[in-house]
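Please examine the model shown below.

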Amino acid sequence: MPLDFILNIIASGLLNGLVYGLAALGLSVIFGVVRVVNFAHGEMMVAGMYGAVLLFGAFHLDPVLSAPIVAVVLFAVGWALQRGLVNRFVGKPEHMQFILLLGVATILVNALLMVFGPDSRGLQVDYVFDTVEIGPLSLDAVRLRAGLGALVVTSVLFAFFRYSRTGKAIRACADNPLGAKVVGLNLDGLYAFTFGIGAAVVGIAGTLMALVVDTRPQLAGEYTLLSFIIVIVGGLGSLPGALLGGVLIGMSEALAGFLLTPSLKSLFSYVVLIVVLLLRPQGLLGKRS
Amino acid sequence: MAALLSVSNLSKRFRGLKAVSDVSFEVPAGAIVALIGPNGAGKTTTFNLIAGVFPPDEGAVVLDGRPITGFRPDQACAAGIGRTFQIVKPFGELSVEENVLVGALAREKSLAAARSHARTVLRRLDLDGMAQRPARSLTLPDRKRLEVARALATRPTLLLLDEVLAGLRPTEVDQMVEVLRDLNRREGLTILMIEHVMRAVMALSDHVVVLEHGEKIADGTPAAVVADPRVIHSYLGAEDV
Amino acid sequence: MLTRRAIILAVLLAAALVLLPLVGDRYVVSVVTTVLWFAYLGQAWNVMMGFAGLLSLGHALYVGLGAYVAGALYLYAGVVPWVGMAAAMAAAAAAGGFIGVLGFRFRVKGVHFALLTIAFAEVARIAFDHLTFLGGSGGFFLPAHDPGMADDLLNLRGSPVMFYYVILALTVGALALARGLLHSRLGYQWLAIREEPDAAEASGINLFRLRMLAVLISSALAALGGVFQTFYFSTLFPEQVFSMGRSIEIILPAIVGGTGTLFGPILGAFILTPLGELLTFVVDQAGMDAPGMKQLFYGAALVAIVVFRPDGVWPWLADRLGLVRRRGEDE
């Protein structure tokens, strides 16, 4: 088997993985701060994908350019969701939060289904069949764009959490909610802001994903589970962990899909998840509690 | 008096940090022994090592001549150790009586026998008036009493009390002291207590063990311990500045 | 404690359920069969979550294993379902025990434990998709029952009414079992673990043993529901049987009705399944038969229920109707 071929598979898995990582980052941020698992995460991602489809259809807008618009809309959705519904479930038993967000997910995905129908929607951008040659690699232009876009957004996010005042406040809040309250941070406001950020991030991941994958409502549940796997593998609440987990899962999916059969690719991810849960429940880059 | 509990050379590190270091002491049968020391001295860690929350790195715990080092908490309970938690842990959705019933079930296989034992314990701690209330609705002083009641219901030979007087009003402290003294005198229950309320320590204990930075710095009668210069320094030096 | 009014109501309800096939048409019988099936499965799940505080989001695994084991034994070896169910329960309990040993020994807790259960269910889904001797993704089928034949209770081949009474018996049996467990030494010790594991352990409770017991009982009970599924529906598809969606359908009745309560799963199933049917009807009648419309309302109903009745509908209803004595009033 030619080495180039395998390298190409790994590279495309890596690029997909960067987008997965970005999506998982949103989940990780929300869980790290609000301590609520967003079971509607994949649904928000698919909403982002439809955002890209819609803007491309109406204005021929490239998904990379529609990402900021989708981000703003989903930020508002996330913010309102936290303010209106999720906030009163903070600190409640997990199974209640689960049902609440499951309800939200059901509403979201079926609203999308009603508006856009059950059929797949592809994005026919001008460069859809282009490839980019880098050394031995020959990469799909759409995949490259999606991966690099995810990398840029991830970097911006890292910078935001490291250097901005709000970002620091959010991290403080994740470390020690009681302490954050004591020093006078507005927890409810921060929670809403964080949920908004998480939703915006996964929305962007969705617009980028729309370049690579045909958009359909059925992807939602799959992406929710995928985001969980990545976050657990990387480490709940660890941002670099989410990125690493995304890349690992992206590459393992690509390899498993190639070496075994495509229908077995998610099996591989679940096995990775089980092994990590058992041997390193805090995740690869997570802190031991 | 023979030692009911004997702790020898107990050590425990957390991530390299010595929480308890080479601590040895004995609790004679029928005695009330107080474990005192400033915050972070390793008192609760010592309790957890005795009660089996985690195994010691070194050292041994012997209860009534039987080594119980490295036992799990449920095994320690079966061996005769009853304990309370510093941050109280009631079974919130269960009633007060059911909380104590769970303790009683440690010895009684039959629900009826356990329930009758639980009721005796409830009366003993003056909780019978609120037996049917959910535990989460109790005030802190009542929760502390519930904590003691649940531990007592397991019919321990040694009762470990972790700051059961902290946060109580003076009259409530006196009440609890009375209950504990009574349990000790009338039923010969041996008690090892972590306590900050010095008035109660002086009134109740036959013997005091002082920890500081994970090490034992004094061990003797209450009068002797409070006169010990190291203890005075550790306590007053640390807290009265 | 139940009041006299509650007991009268329970007797009336039981009588209505027993008499239903005599008055109700096929449609009503089939809807109530589904209701009872989910009530039964919710009761099984409740043993783990409601009693012992272990959140399983992968109960489809146990139901599915039970379904396939009993189905395969019947189809390929002619083993009657009443014998096959023992093997089905053993297989599911073995799977549950395996997950339990791993999860508890490696101290996987809370959300992580829930994810572990999802992961194993998903692995089973993909694996059964590829098990060609059981039909793979194409599905597993039992030969249909000849409508002209009499009911064959031994082989569980027969009319919808026979299945109705089978699931009614199972649901009542599960309720009685759950009640017995809850009011036993084991039950109180489970609740203690659910509320405060550290304090439970200090009260002499072996956490590992009792949690394992909860998983084993819950998974075996779920498997029995799976056996019913195989013989009632006669078809099994891995994508359906082991799906995350099925796991969710199993836990919803218990949560909506009231986690940890005995009547919660039953009430929840009687709310949710008819709600789904009602939505289908209303959406049809209003001419809004767009795909997703019904599920959209269903999702909104879920949100409304959990927002307004976070502890479930049963505790509230029981209090409203005077079905339970308030604490402190019963002595």
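## Helix pair in chain A

The axes of helix H1 (residues 3-34) of chain A and helix H8 (residues 187-212) of chain A come within 8 Å and cross at roughly 165°. Axes are lines fitted to C-alpha atoms, for helices over the stretch in contact, with angles from 0 to 180 degrees between N-to-C directions. H1(A) and H8(A) are therefore roughly antiparallel (an angle over 145 degrees). By class, their contact has 21 nonpolar, four polar and no charged residues. Ala, Val, Leu, Ile, Met, Phe, Trp, Tyr, Cys and Pro count as nonpolar, Asp, Glu, Lys and Arg as charged, and the others, Gly among them, as polar.

This is a predicted model, in which local features need pLDDT of at least 70 and side-chain atom pairs pLDDT 80 or more, while totals for chains, interfaces and linings use all residues. Residues are numbered from 1 along each chain as its sequence is written, and chains are lettered from A and ligands numbered from 1 in the order written.

## Sheet in chain B

Chain B holds an open, mixed sheet of six strands in the order E6-E7-E8-E3-E9-E10. Its edge strands are E6 (81-83) and E10 (215-220). Helices (H or I, at least four residues) and strands (E, at least two) are DSSP runs numbered from the N terminus; strands pair if DSSP finds at least two bridges between them.

Strands E3 (residues 32-36) and E8 (residues 190-194) of chain B run parallel and are joined by four bridges.

## Contact of chains B and C

In chain B, 26 residues are in contact with 18 residues of chain C (C-beta atoms, placed from the backbone, within 7 Å). The chain B side divides into 13 nonpolar, five polar and eight charged residues.

Key
Two residues are in contact if their C-beta atoms, placed from the backbone, lie within 7 Å. Angles under 35 degrees count as roughly parallel, over 145 as roughly antiparallel, 65 to 115 as roughly perpendicular and the rest as oblique.
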